There are 2 protein chains.
Amino acid sequence: MAYQFAALADPTRRQVFERLAKRSLSVGELAAGLPVSRPAVSQHLRVLEQARLVSSRRDGARRLYSVDPRGIEAMRDYLDKFWDRALAAFKEAAEKDDE
Amino acid sequence: MAYQFAALADPTRRQVFERLAKRSLSVGELAAGLPVSRPAVSQHLRVLEQARLVSSRRDGARRLYSVDPRGIEAMRDYLDKFWDRALAAFKEAAEKDDE
DNA sequence: CGGAGTGGTAAGTGAAGACTTACGGTAAGT
DNA sequence: ACTTACCGTAAGTCTTCACTTACCACTCCG
């Protein structure tokens with residue numbers, strides 16, 4: 001669970017993730033649209049893949065990366081655990097604030 | 001949007017957040033249950049508050065912190081933007097993998 | 001108006017991490 | 001087989017950041 005938040009904490013990595021959400025891309029294609037080198041993109045992809053936020057498959061000499069729903073689902077489940085509780089706590093705090 | 005992920009990327013900060021989800025706590029109470037000093041907790045709370053993941057109110061000489069739904073909502077909205085798309089991409093990639 | 005209990009801030013330290021260049025390794029084309 | 005295109009990894013640098021101790025400000029109570 002820890003890995004997902006850390007993976008999306010970096011701005012460059014979020015950009016990679018968001019571009020892959022539009023369509024599957026190779027490492028070279030990703031690096032072309034970003035202000036960092038290709039090896040940097042490779043390293044970011046490794047982090048995203050370990051967090052199950054992206055997955056990859058071979059495509060000839062290239063390697064295509066796509067978004068992976070598993071990492072997203074893990075984050076959604078985590079956040080949902082706190083959602084109701086947070087709403088209740090917020091209302092309660094707001095009332096105490098009115099005093 | 002960026003701040004939320006970075007805020008929850010740190011393990012100590014996630015612990016603070018999760019403990020506050022159970023009940024509102026003061027800085028001292030939080031620090032008592034964590035392996036770091038009280039100033040460290042204060043600094044973490046500042047990050048969480050800027051990300052709108054927690055909010056605070058005075059309670060006499062103390063200061064009570066609670067979870068704030070606004071930060072959580074921002075993350076949920078962000079993830080939901082990619083959810084359908086990720087599912088579709090995953091299925092598509094799985095089919096190509098079967099070849 | 002002391003003194004005790006709070007908690008935020010400053011300054012410094014050590015580790016984590018986001019980059020770079022250089023290199024090696026594999027797949028397709030001639 | 002040689003070349004070209006593609007990509008991952010290694011090693012090094014520089015910044016970011018989590019943490020500490022020391023200090024200061026505020027609130028409540030005697």
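The residues of the surface near DNA strand D comprise nine nonpolar, nine polar and four charged ones. Here a residue is near a molecule or strand if its C-beta atom, placed from the backbone, lies within 6 Å of it; Ala, Val, Leu, Ile, Met, Phe, Trp, Tyr, Cys and Pro count as nonpolar, Asp, Glu, Lys and Arg as charged, and the others, Gly among them, as polar. The model is predicted, and for that reason local features need pLDDT of at least 70 and side-chain atom pairs count only at pLDDT 80 or more, while totals for chains, interfaces and linings use all residues. Residues are numbered from 1 along each chain as its sequence is written, and chains are lettered from A and ligands numbered from 1 in the order in which they are written.

## The DNA surfaces

Around DNA strand D there are 22 residues, of which A:Ser26, A:Gly28, A:Pro39, A:Ser42 and B:Ser37 come nearest. At least two residues of this surface are supplied by each of α3 (27-32), α4 (38-50) and β3 (62-67) of chain A and by α4 (38-50) of chain B; helices (H or I, at least four residues) and strands (E, at least two) are DSSP runs, numbered from the N terminus.

DNA strand C likewise has 22 residues around it, and those that come nearest are A:Ser37, B:Ser26, B:Gly28, B:Pro39 and B:Ser42. For this surface, α4 of chain A and α3 (27-32), α4 and β3 of chain B each give at least two residues. The residues near DNA strand C fall into nine nonpolar, nine polar and four charged.

## The sheet of chain A

Chain A has an open sheet of three strands in the order β1-β3-β2, with antiparallel pairing. The edges are formed by β1 (25-26) and β2 (54-59) of chain A, each of which has a single partner strand, so one side of each is left without a neighbour in the sheet. Two strands are taken to pair if DSSP finds at least two bridges between them. One of the bridges links A:Asp59 to its partner A:Arg62 in β3(A).

Two helices cover this sheet. Helix α2(A) packs on the sheet and touches β1, β2 and β3 of chain A, its direction making about 90 degrees with that of β3(A). Helix α4(A) also packs on the sheet, touching β2 and β3 of chain A, with its direction at about 120 degrees to that of β2(A). Axes are lines fitted to C-alpha atoms, for helices over the stretch in contact, and angles run from 0 to 180 degrees between N-to-C directions; two residues are in contact if their C-beta atoms, placed from the backbone, lie within 7 Å.

Within helix α2 (residues 11-22) of chain A lies A:Glu18. This residue counts as partly exposed because it has 14 C-beta neighbours inside 10 Å; a residue is buried if 20 or more other C-beta atoms lie within 10 Å of its own, exposed if 12 or fewer, and partly exposed in between, with C-beta atoms placed from the backbone.

## The sheet of chain B

In chain B, too, three strands form an open sheet, ordered β1-β3-β2 and paired antiparallel. Its edge strands are β1 (25-26) and β2 (54-59) of chain B, each pairing on one side only.

| Strand pair | Bridges and sense |
|---|---|
| β2(A) and β3(A) | six bridges, antiparallel |
| β2(B) and β3(B) | six bridges, antiparallel |
| β1(B) and β3(B) | two bridges, antiparallel |

B:Leu64 in β3(B) is the bridge partner of B:Ser26, and B:Arg57 also stands opposite B:Leu64. B:Ser55, in turn, faces B:Ser66 in β3(B). The hairpin of β2(B) and β3(B) has two residues between the strands, and in it B:Gly60 takes a positive phi near 70 degrees. Helix α2 (residues 11-22) of chain B lies across β1, β2 and β3 of chain B and runs at about 90 degrees to β3(B), whereas α4(B) lies across β2 and β3 of chain B at about 120 degrees to β2(B).

## How the two chains meet

In the interface, 28 residues of chain B are in contact with 28 residues of chain A. On the side of chain B that touches chain A, α1 (2-9), α2, β2, β3 and α5 (69-98) of chain B each supply at least two residues, and α5(B) gives the most, with 15 residues. The residues of that side divide into 19 nonpolar, three polar and six charged. Because 100% of the interface residues of chain B are also interface residues in chain A, the copies meet through the same surface.
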